[in-house]
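The following report looks at how the parts of a two-part assembly meet, and at a few local features of its chains. Please view the sequence and the structure first.

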Amino acid sequence: MIEKIEIHNFRGFRSVDLAGLRRFNFIVGPNGSGKTALLEALFLSMAPGPKTALDLRLLRGQLGMTLLPGSHDETLLRHLFHRCEMDTEVFIQFLDSVRGARSLRIHSASSGRSVVTLPSLTDFRVNEPSGRVVEFEWRTETGQHQARLEALPDGRLGFSTWADAYPGVLVPSSSQGSDSESILRFSEISKRRQDGRIVSVLRRAFPQVEQVSLETEAGETAFFVGVKDLPVKIPIGVLSAGIRRYWSILLAAVNSPGAALLLDEVENGFYFDRFEPMMNSIFDECRRSDVQIFATTHSREFLASLQPMIRDAPDDFALIRMDGRAGGPAAYAFGGVDFGHALAEEVEVR
Amino acid sequence: MPSRIESRVLLCEGLGDEAFLRKLIQARGLDQFEVRCPKPPDGDREGFGRLLSGVRVGSPSCTAFAVLTDADYDPVKSFREVRAALKRDCASFRIPDRPGVFVPQEHDSLVGIFLIPGQETPGSLDSLCLAAMRATWPDQSRCLDEFMRCTGVTDWDRGKVDKSALRCLLAATCEEDPNTGLPYAWSRKRELIPLSHASFDPVVDLLSRFDALCAEAVATR
């Protein structure tokens, strides 16, 4: 379980140190205070290679992935650096209670070679005599791995991966996109004959769902649900985007033992009176699978729903409050006892 | 530790104290303070620890928290009770070992325990309000004294006598709502308890010296 995080020069963070992290960590703060960036810092440092940096671009709505002739990977990656200043070095490190320290350094360096000219239909003038590349270096107690994004001659991007990834699942704030990862997880759970149990966990929060199965329609495999009084099964997302999202979170919690589950805007898509039964089940599954949660939220109702669970097990909870008032994002961690007291006293913690 | 406090929070015992402090701050043109009291079921001093630990979670890093409590007629005992409540529920705090001073904490915050009307002066918010009301309503006060004697209330503990007398005077002077309590005493059309009265000056003096007390704590760190 991750107990401490240290971040330097990543996105909006100049320098952040967070200790006292618990199994269930809830991150609050205004827009732009660094909540999602904290999840990204964790996810990137857990990653097996630099491709994750490109995944983060997509999650942030930066869809462009093409390197134009004369440009370099720094074009794609400069937003990882504090104030986009690539002369600084990004450093992210966390301490796991069992696996020890894991760190990631990202720095920009001269490529030592000529600019890679990518094929283009337009005439593009190359102004720079030599290129710069962004290098990634992961270190754990048992090894290290260096990697960079490579612009290949055919215009595609190349990168290496490393087997020693830290198990982490990032669930973005909206649940658009394919169910492919959830399908793989469900398949694993089903092979272990635990699918019945996980469906019953889903039903505790959403009793209208009677069955969940994988079906093929229009050439795609997808989750379908059987619902009371409906003669046919329907795609889970047709029933509810929220239920689909909850299902994907639940599958990740059950099938990612020892992982960190990073949930951005955890309350998104859920009716307020479902918060407590949903989170109760997720917490149970996380304890069972030794999964740790880092979740951002803007919702006061969501935080209030945690109160009975915090009261029962305060040592399992922490609140991380992001604060942008001191001239740049800062982060403060509070234990479950203080967190519970704040909720009981109706203190505005967001 | 920064040289400037960003936020000032007063933690008081109950809704009556909260209303009083808010109105006093407004009436006397004092700096901006946030005022809070514990939510039920832990009202009064028992709730101070939970309140302080909870309010700190939602406050900026450079915040000074002043726990204000009645000195009653045994200031030493009152201070000990507040200290015990804070020690019980605020494990990560450095709790002051004497009243009237701030002590530096984690996250650049400060915590102090302050007694009303003064650090060694017996009394309470009720006794201050009672003094202000007696001066404003002399005829009713004379009748009140007789009533208190007749009913045997004067034999009670002094703090309880003050509370009872204040409640009776409020009922006797607020025709608009004889059931009114201290939390709503300053929401009436008539001013029942004049905040300009000199009995409140010790509280005003404490709030006026707030930043100086913070600076002293920072300097002696």
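Rings of Phe, Tyr and Trp (for Trp, its six-membered ring) are taken as a pair if their centres lie within 6.5 Å, and the planes count as stacked when under 30 degrees apart, as edge-to-face when over 60, and as tilted for the rest. By this rule the whole structure holds 20 aromatic pairs over all chains. In one of them, the ring centres of Phe20(B) and Trp186(B) are 5.7 Å apart and the planes stand at 45°, so the pair is tilted. This pair links distant parts of the chain, 166 residues apart, with Phe20(B) in helix α1 of chain B and Trp186(B) in the loop between α6 (158–173) and α7 (201–208) of chain B. Helices (H or I, at least four residues) and strands (E, at least two) are DSSP runs, numbered from the N terminus.

The model is predicted, and local features need pLDDT of at least 70, side-chain atom pairs count only at pLDDT 80 or more, while totals for chains, interfaces and linings use all residues. Residues are numbered from 1 along each chain as its sequence is written, chains are lettered from A and ligands numbered from 1 in the order in which they are written, and side-chain values use heavy atoms, with hydrogens and water left out.

**Two interfaces**

Chain B is assigned domain 1 (7–122 + 199–219) and domain 2 (125–196), with bounds that come from an automatic or database domain assignment. The C-alpha centres of these two domains of chain B lie 25 Å apart. The table sets out the contacts (heavy atoms within 4.5 Å) and the buried area, which is the accessible area (1.4 Å probe) that two parts lose on being put together, summed over both.

| Interface | Residues in contact | Buried area | Share from carbon and sulfur atoms |
|---|---|---|---|
| Domain 1 of chain B and domain 2 of chain B | 16 residues of domain 1 with 18 residues of domain 2 | about 1400 Å² | 71% |
| Chain A and chain B | 18 residues of chain A with 18 residues of chain B | about 1500 Å² | 55% |

A salt bridge is counted where a side-chain nitrogen of Lys or Arg lies within 4 Å of a carboxyl oxygen of Asp or Glu. Between domain 1 of chain B and domain 2 of chain B there are zero salt bridges. A polar contact is a pair of N or O atoms within 3.5 Å, where within protein one must be able to donate a hydrogen and the other to accept it, and residues adjacent in sequence count only if both atoms are side-chain atoms. Four residue pairs are in polar contact across this domain interface (both at pLDDT 80 or more). On the side of domain 1 of chain B that touches domain 2 of chain B, helix α1 (residues 15–27) of chain B gives the most, with eight residues.

Between chain A and chain B, the rule finds two salt bridges. Asp338(A) and Arg56(B) meet through their side chains in a salt bridge of 3.1 Å, N to O.

Over all chains the count comes to 38 salt bridges. Glu345(A) forms one with Arg50(B), their closest N and O atoms being 2.8 Å apart. Glu345(A) lies in the segment after α11 of chain A and Arg50(B) in helix α2 (residues 48–57) of chain B, so the pair joins two chains.

**Backbone features**

The peptide bond from Ile116(B) to Pro117(B) is cis, with omega near 10°, and Pro117(B) lies in the loop between β5 (110–116) and α4 (125–136) of chain B. In chain A, Cys84(A) has phi near 60°, a positive value in a residue other than glycine.
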